[in-house]
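This report looks at a pocket, at the packing of helix pairs and at one point of backbone geometry.

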Amino acid sequence: MSKHVVANPLALAVLSCLWERPMYPYEMTTTMKERGKEDSIRLNFGSLYSVIKSLEKHGFIRVAQTEREGNRPERVVYAITDAGRAEAEEWLRELVEIPVKEYPAIETGLSLLPMLPPETAAALLESRRDRLDAELAGRRAVAEEARALPELFMVESQYRIAVLDAERDFVADLAARIRDRLIGGYGWWEQLHRLLGQGVSMEELSGRIAAGDFGEEAAALFTS
């Protein structure tokens, strides 16, 4: 994927607003909020001004006019340039077409799961499952209320629900397999935390695992 000189996704949201018509910053913010874009794009009013200045600096937007009402502070109306339209379209094409490696927090947690005792891991995963159930119920209720809207304007919501559904099913299944001792490596995982609970140091256990005391599967992980 090509590198964009203004890489903050909020910049693309700004270009999208101005693609429709010229706006001043507060109008951009309210437009994004009214359309629920906060759920897909991190919207921060302080960051918005730095993004706007950066877009202007690189020629993607320009000052269209300034307005003043009575004694209120002057407000600047921005418009998109031809370069901005081209940048927005190229960026959007890349986002839709090209998968990129992301680093969700849950993936980090799962990669380090052996640090927790099996029972604790299962309980936390079950708690996450319940939280996901609650979030899904809320999102589905909102989607039901918005059924009158054309589907085109709800696709990001549908995507989020699909992703949460998949995560919920994965987490629930993983918790169940840990509870039933069916996950591969459960034996040495349980033994590891039993010995830690007895006061054996992790340094000593690491040596024993590498030596094969916990089986070949565990030794391969600590010597690879």
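A pocket is here an open set of points on a 1 Å grid over the protein atoms alone, with protein on both sides within 12 Å along at least five of seven lines, and its volume is the space filled by probe spheres set on the points. The model is a predicted one, and in it the second largest pocket holds about 280 Å³ of space. Of the 14 residues that line this pocket, Tyr24, Tyr26, Pro73, Glu74 and Arg75 are the closest to its centre. Helices α2 (25–34) and α3 (45–57) and strand β2 (75–80) each contribute at least two residues to the lining, and β2 gives the largest share, with three residues.

| Helix pair | Axes | Angle |
|---|---|---|
| α1 (residues 9–20) and α4 (residues 82–97) | within 10 Å | roughly 125° |
| α6 (residues 118–145) and α7 (residues 155–179) | 8 Å apart | about 155° |

How are α6 and α7 oriented to each other? Angles over 145 degrees count as roughly antiparallel, and the angle of about 155° between α6 and α7 therefore makes α6 roughly antiparallel to α7. The crossing in which α6 passes α7 is left-handed, and the residues of their contact divide into 15 nonpolar and 13 charged, with no polar residue among them.

The crossing of α1 and α4 is left-handed. On the side of α1 the contact is made by Pro9, Ala11, Leu12, Leu15 and Trp19, while α4 brings Gly84, Arg85, Glu87, Ala88, Trp91, Leu92 and Leu95. Taken together, the residues of the contact of α1 with α4 comprise nine nonpolar, one polar and two charged.

A last point concerns the backbone. Which residue has a positive phi although it is not a glycine? This is Arg181, with a phi of about 60°, and Arg181 has its place in the loop between α7 and α8 (186–197).

Methods:
Residues are numbered from 1 along each chain as its sequence is written. This is a predicted model: local features need pLDDT of at least 70, side-chain atom pairs count only at pLDDT 80 or more; totals for chains, interfaces and linings use all residues. Side-chain values use heavy atoms; hydrogens and water are left out. Axes are lines fitted to C-alpha atoms, for helices over the stretch in contact, and angles run from 0 to 180 degrees between N-to-C directions. Helices (H or I, at least four residues) and strands (E, at least two) are DSSP runs, numbered from the N terminus. A crossing is left-handed if the near helix is turned anticlockwise from the far one by less than a right angle, and right-handed if clockwise. Contact means heavy atoms within 4.5 Å. Ala, Val, Leu, Ile, Met, Phe, Trp, Tyr, Cys and Pro count as nonpolar, Asp, Glu, Lys and Arg as charged, and the others, Gly among them, as polar. On a 1 Å grid over the protein atoms alone, a cavity is a set of points where a 1.4 Å probe fits but cannot get out, and a pocket is an open set with protein on both sides within 12 Å along at least five of seven lines; lining residues have an atom within 4 Å of a point. Angles under 35 degrees count as roughly parallel, over 145 as roughly antiparallel, 65 to 115 as roughly perpendicular and the rest as oblique.
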